[in-house]
Amino acid sequence: MASVGRYSDDEAAALYDVLNRWGPSDDFYLRLVMDAGSVLDVGCGTGALLHRAREDGHAGRLCGVDPGRASLNVAQRRRSDVEWMAATAAQMTFDGEFDIAVMTGHAFQVLVTDDELRASLAAIRRALVDGGRFAFETRNPLARAWESWPETAIEAVDPSGRHVRVTYDVESVAGELVTFTETTRDAHGAPLRVDRATLRFLDADGLGRHLAHAGFHVEAQYGGWSREPFDPTSPEILTIARVDRRP
Ligand SMILES: C[S@@+](CC[C@H](N)C(=O)[O-])C[C@H]1O[C@@H](n2cnc3c(N)ncnc32)[C@H](O)[C@@H]1O
């Protein structure tokens, strides 16, 4: 995500947790995490999921990986019993170490090119034990979520007490790629920061193909956080993939 403005990366990372309070998606992943002995959170952001897992009594290995330094600084406020690493998914070199890997908060959609996606899935596959699982969600392209983003405006008070307003504008939709900006303004409407990002919207078949190529099979796919069955109108594609048995 490229950004310009006078609201720093640290301020934006602190605001992230205000804008993304604990919700049903976190409960969905927490259940999977608590059931696994060792957990890799890829694109962990500010680390809320692993913090909660430890607070709730997870006794095994918890490791969060993210290339965003400012987010990782927030995550590292808890560092004695959770591991944190600054890296992209593709840069990870773990080998057969985790029972489950997760990518939450639509982090999977930042993997935009085929090369990045393949390298990331290969590294995640390598990080898992035989029979390990990879759980993540992507927005269903058929639900065209980006069409409602320009109507979304979020008012919030950041951790320093500043009132901010966050809005979204879609710049382009090209095949599976949606490029948009997120603008953070002060209470008077003056822009503080503009972040620009591209997300990839893969459909269920496309996901299945990429996962199969990386040595996973889809074990379960849901359309919502209460494990509703996935159908073409579902807003989300929640995928739990399992490492293929070696022949
Ligand atoms: C929308 S945030 C989600 C953060 C967190 N998982 C959550 O649920 O709140 C997406 C995260 O993906 C991270 N990210 C960006 N590129 C990445 C990559 N190539 N590999 C892994 N993570 C990446 C970003 O730094 C960011 O923290």
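The model is predicted, so local features are taken only where pLDDT is at least 70 and side-chain atom pairs only at pLDDT 80 or more, while totals for chains, interfaces and linings use all residues. Residues are numbered from 1 along each chain as its sequence is written, and side-chain values use heavy atoms, with hydrogens and water left out.

**Ligand surroundings**

- There are 15 residues around the ligand, and Y16, G43, D66, A89 and T104 come nearest, where a residue is near if one of its heavy atoms lies within 4 Å of the molecule.
- The shell divides into seven nonpolar, six polar and two charged residues, with Ala, Val, Leu, Ile, Met, Phe, Trp, Tyr, Cys and Pro counted as nonpolar, Asp, Glu, Lys and Arg as charged, and the others, Gly among them, as polar.
- A side-chain N or O atom of T104 is 2.6 Å from an oxygen atom of the ligand, and a backbone N or O atom of G105 lies 3.3 Å from a ligand oxygen atom.
- A polar side-chain atom of E116 lies 3.1 Å from a nitrogen atom of the ligand.
- On its own the ligand has 590 Å² of accessible area, of which the protein covers 78% (Shrake-Rupley method, 1.4 Å probe).

**Residue F98**

- F98 is found in strand β5, residues 98–103 (strands are DSSP E runs of at least two residues, and helices are H or I runs of at least four, numbered from the N terminus).
- With a relative accessible area of 0%, F98 is buried (buried means under 20%, exposed over 50%, and partly exposed in between, with a 1.4 Å probe and protein chains only).
- Leaving aside neighbours within four places in sequence, F98 is in contact with S38, V39, L40, R61, C63, A127, L128 and V129 (contact means heavy atoms within 4.5 Å).

**Salt bridges**

- The count comes to 15 salt bridges, each defined as a side-chain nitrogen of Lys or Arg within 4 Å of a carboxyl oxygen of Asp or Glu.
- E11 and R162 form a salt bridge whose closest N and O atoms are 3.7 Å apart; E11 lies in helix α1 and R162 in the loop between β7 and β8, so the pair ties together parts that are 151 residues apart in sequence.
- R61 forms a salt bridge with E83, at 2.8 Å between the closest N and O atoms, and because R61 lies in strand β3 and E83 in strand β4, this pair ties together parts 22 residues apart in sequence.
- R54, E55, R78 and D81 are linked in a network of salt bridges.

Definitions and conventions. A polar contact is a pair of N or O atoms within 3.5 Å; within protein, one must be able to donate a hydrogen and the other to accept it, and residues adjacent in sequence count only if both atoms are side-chain atoms.
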